[in-house]
Number of protein chains: 2
Amino acid sequence: MAKLNLVAEPGSYEIRMTREFDAPREQVFKAMTDPALVPRWWGPSSVSTVVDRMEVKPGGMWRYVQREQDGTEYGFHGVYHAVEALERLVFTFEFEGMPGHVLLETVTFEEHSGKTRVIDSSVFQSVADRDGMLRAGMESGASESWERLEALLPEIQL
Amino acid sequence: MAKLNLVAEPGSYEIRMTREFDAPREQVFKAMTDPALVPRWWGPSSVSTVVDRMEVKPGGMWRYVQREQDGTEYGFHGVYHAVEALERLVFTFEFEGMPGHVLLETVTFEEHSGKTRVIDSSVFQSVADRDGMLRAGMESGASESWERLEALLPEIQL
């Protein structure tokens, strides 16, 4: 079974996550860019995710809200800087609980023999910010999200 | 005379520039956030800079156009993520000649004894992108911009 690989070298500003998905990249790219699909895989399955805004084009805003079972809400937002179909997404990411702490994320899609390798690079404003994100559980969170994404892929109609 | 200090450690994603200005930070912050003032210091004095958009608030877009004497135009744009008056600005920066290559910039203003230290940290998507910006002349460009900014400060009314 494919697993998330996370690399965060000591002292670096980057977290690089890689995972292979058993589907062509049309499906993987669509899962990441279709507002109707994002709530089905983004974040842990114990919370519900609502897409408040998602304008998938350069300069377009996105905003997701996670609602826990007790009603607590957490907002996340950012701006798309590049949307190259099937190839690459570049966007910023900000957790609204820590305003002004921003990361810049570049997601690259590579297809080989019908499988898609996703390389997700996040660069932070400082090593401290990056290490804080790791301590906050980024690896387990991303791992669960991407397992949900993998499970969703067979249902995605192109 | 105050000089620009630029630090770019080998293999890092960051460029950190620091300079002291001989004015309180109200003036320095205003020079960086007032659309009427930006064309007077941003970029080299040999080109003219036009502020196309500049919405200085979280989520607000900015776009500047530099026009060379032969009429050639270069566009730059980004989005503000944090605007903390007199303290800090966080925004993205993209040169339109290299779409999808984005940097995340954090500018911090510290005042001591009537002088303002500006710390400008840029993080890039890769070491290659960062090194490309250095080769493109970031240090001399920033140095000239900030000298123009210093010269402008005495004229700034609060």
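## Before we start

Keep in mind that this is a predicted model. Every value below was computed from it.

## Where chain A meets chain B

Let's begin with the contact between the two chains. On chain A, 24 residues are in contact with 24 residues of chain B. Together the chains bury about 1700 Å², and carbon and sulfur atoms give 58% of that area. Three residues stand out on the chain A side: A:Y13, A:H81 and A:Q125 supply 34% of the area that chain A buries against chain B, more than any other three residues.

What kinds of pairing cross from chain A to chain B? There are zero salt bridges between them, but ten residue pairs are in polar contact, both partners being at pLDDT 80 or more. As for the parts of chain A involved, β5 (73–84), β6, β7 (102–112) and β8 (115–124) each supply at least two residues of the side that touches chain B. Sorted by class, that side of chain A has eleven nonpolar, ten polar and three charged residues.

## A closer look at A:T92

Now pick out A:T92, which sits in strand β6 (residues 88–95) of chain A. Is A:T92 buried or exposed? Its relative accessible area is 0%, so A:T92 is buried, the cut-off being under 20%.

The side chain of A:T92 has polar partners in both chains. Within chain A, the A:T92 side chain reaches the backbone nitrogen of A:V79 at 2.9 Å. Across to chain B, the side chains of A:T92 and B:H81 are joined by a polar contact of 3.0 Å. If you set aside neighbours within four places in sequence, the residues in contact with A:T92 include A:W62, A:H77, A:V102 and A:L104 from chain A, along with B:H81 and B:T92 from chain B.

## Salt bridges

Side chains of opposite charge can pair when their charged atoms come close. How many salt bridges are there over all chains? The count comes to 26. One group in chain A forms a network, with A:D52, A:R63 and A:E96 linked by salt bridges.

A:R88 counts as buried at 17% relative accessibility, while A:E84 counts as partly exposed at 31%. Chain B has a salt bridge between B:R88 and B:E84, with the closest N and O atoms 3.4 Å apart. There, B:R88 is buried with a relative accessible area of 16%, and B:E84 is partly exposed with 32%.

## A link along chain B

One more salt bridge deserves a look. B:K3 pairs with B:E147, the closest N and O atoms being 3.9 Å apart. B:K3 lies in the segment before β1 (5–7) of chain B and B:E147 in helix α3 (residues 138–152) of chain B, so this pair ties together parts that are 144 residues apart in sequence. How open are the two partners? B:K3 is exposed, with a relative accessible area of 53%, whereas B:E147 counts as partly exposed at 31% relative accessibility.

Key
Residues numbered from 1 in each chain as written. Chains lettered and ligands numbered in written order. Predicted model: local features only at pLDDT ≥ 70, side-chain atom pairs only at ≥ 80, totals over all residues. Heavy atoms only, no water. Salt bridge = Lys/Arg side-chain N within 4 Å of Asp/Glu carboxyl O. Buried < 20%, exposed > 50% of the residue type's maximum accessible area, 1.4 Å probe, protein only. Helix = DSSP H or I, 4+ residues; strand = E, 2+ residues; numbered from the N terminus. Polar contact = N/O pair within 3.5 Å; in protein donor to acceptor, adjacent residues only side chain to side chain. Contact = heavy atoms within 4.5 Å. Buried area = accessible area lost by both parts, 1.4 Å probe. Nonpolar A, V, L, I, M, F, W, Y, C, P; charged D, E, K, R; others polar.
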